[in-house]
Amino acid sequence: YISDKNILCFSETTRQFMVDKAKYPLVYAKIFRLGVVDKVLNRVLPNEAFGRGVIRICAVGRLVKFKTYNIWMIDVIRSLKDKKIDIIFDIYGDGPLAKDINLNKGDLNINLKGSFDYSNFNNIVCNYDLFIGSGTAIVQAASLGVPSIIGIESIKEPYTYGFFSDFYKYEYHLSDLDFEKSKVEDLILDFYSMSVDERRLLSIAHVIASNSFS
């Protein structure tokens with residue numbers, strides 16, 4: 001009864017769900033992502049962020065059970081260390097998973113940083129080469145030009161759809177999307193081997209993607 005020109009879908013995933021249920025092609029329905037960032041800073045990481053030295057990765061958010069990437073990232077960091085990749089993983093947030101992380105991280109360069117005032121998010125996260133996470137935090141990290149790996153919620157193995165800039169139109173945190181998954185370690189290795197210009201283009205792509213959430 002409603003023209004599809006008058007329908008707004010929260011994501012491409014939502015559009016497809018409605019098409020499957022209603023059996024009606026929503027050709028003209030618009031995608032309208034929920035606002036997350038007040039404004040996109042159109043900030044691209046400075047030149048020093050594109051070197052091939054230490055890879056600095058961070059995650060931000062409550063350390064709760066469904067954010068399984070905080071746990072299996074320990075194995076990813078260990079494997080990368082065995083490959084002689086110099087890497088730091090800083091985790092910001094508190095929660096029940098903190099104890100498990102501390103027990104399993106061993107001598108790896110994995111640091112539990114605790115919580116911070118969310119108003120400091122931009123100043124903290126912009127100092128990293130990569131972000132991993134989901135929810136609204138990954139949108140805000142992308143708006144800073146920080147290449148962001150999608151942390152699929154509740155997934156038990158270290159796999160991801162890829163970078164946020166390639167999947168921002170979808171409900172990227174869901175584990176049952178119809179996309180091939182990649183090993184998180186492979187994605188980090190790809191980033192490590194990128195040239196300065198390739199990293200810069202990836203940073204720009206994330207800023208552009210975050211515009212949908214402004």
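1. The side chains of Asp75 and Arg78 meet in a salt bridge, with 3.1 Å from N to O; the term denotes a side-chain nitrogen of Lys or Arg within 4 Å of a carboxyl oxygen of Asp or Glu. Asp75 and Arg78 are three residues apart in helix α2, and are therefore separated by about one helical turn. Asp75 has a relative accessible area of 48% and is partly exposed; Arg78, at 32%, is also partly exposed. Here buried means under 20% relative accessible area, exposed over 50%, and partly exposed in between, for a 1.4 Å probe and protein chains only. Helices (H or I, at least four residues) and strands (E, at least two) are DSSP runs, numbered from the N terminus.

2. The model is predicted: local features need pLDDT of at least 70 and side-chain atom pairs count only at pLDDT 80 or more, whereas totals for chains, interfaces and linings use all residues. Residues are numbered from 1 along each chain as its sequence is written, and side-chain values use heavy atoms, with hydrogens and water left out.

3. By the stated rule, the count comes to five salt bridges. One of them joins Lys81 to Asp107, the closest N and O atoms being 3.7 Å apart. This pair links distant parts of the chain, since Lys81 lies in helix α2 and Asp107 in the loop between α3 and β5, 26 residues apart. Lys81 is partly exposed, with a relative accessible area of 39%, while Asp107 is exposed at 65%.

4. Asp129 forms a salt bridge with Arg56, with the closest N and O atoms 3.1 Å apart. The pair again links distant parts of the chain: Asp129 is in the loop between α4 (121-125) and β6, and Arg56 is in strand β3, 73 residues apart. Asp129 counts as buried because its relative accessibility is 3%; Arg56, at 29%, counts as partly exposed.

5. Strand β3 (residues 55-60) is mostly covered, with five of its six residues buried. Six bridges join β3 to strand β4 (residues 87-92), and the two run parallel; strands are taken to pair if DSSP finds at least two bridges between them. The bridge partner of Ile57 in β4 is Phe89, and Val60 stands opposite Tyr92. Two bridges join β3 to strand β6 (residues 130-133), also in parallel, where Ile57 stands opposite Leu130.

6. Five of the six residues of β4 are buried, so this strand is largely enclosed by the rest of the structure. β4 and strand β5 (residues 110-114) pair in the parallel sense over four bridges, with Asp90 opposite Asn111. The chain crosses from β4 through helix α3 (residues 97-104) to β5, and this β-α-β crossover is right-handed. That is, with the strands pointing away from the viewer, the path from the first strand over the helix to the second runs clockwise. β3, helix α2 (residues 69-82) and β4 likewise make a right-handed β-α-β unit.

7. In helix α1 (residues 12-22), Glu12, Thr13 and Arg15 are buried. Seen down the axis of α1, its buried residues fall within an arc of 160 degrees, so they line one face of the helix; the arc is that of the directions from the helix axis to the C-beta atoms. These buried residues pack against β1 (8-9) and β2 (30-31), contact meaning heavy atoms within 4.5 Å. The face turned away from the buried side carries the exposed residues Phe17, Lys21 and Ala22. α1 is followed by Lys23, whose phi is positive, near 55 degrees.
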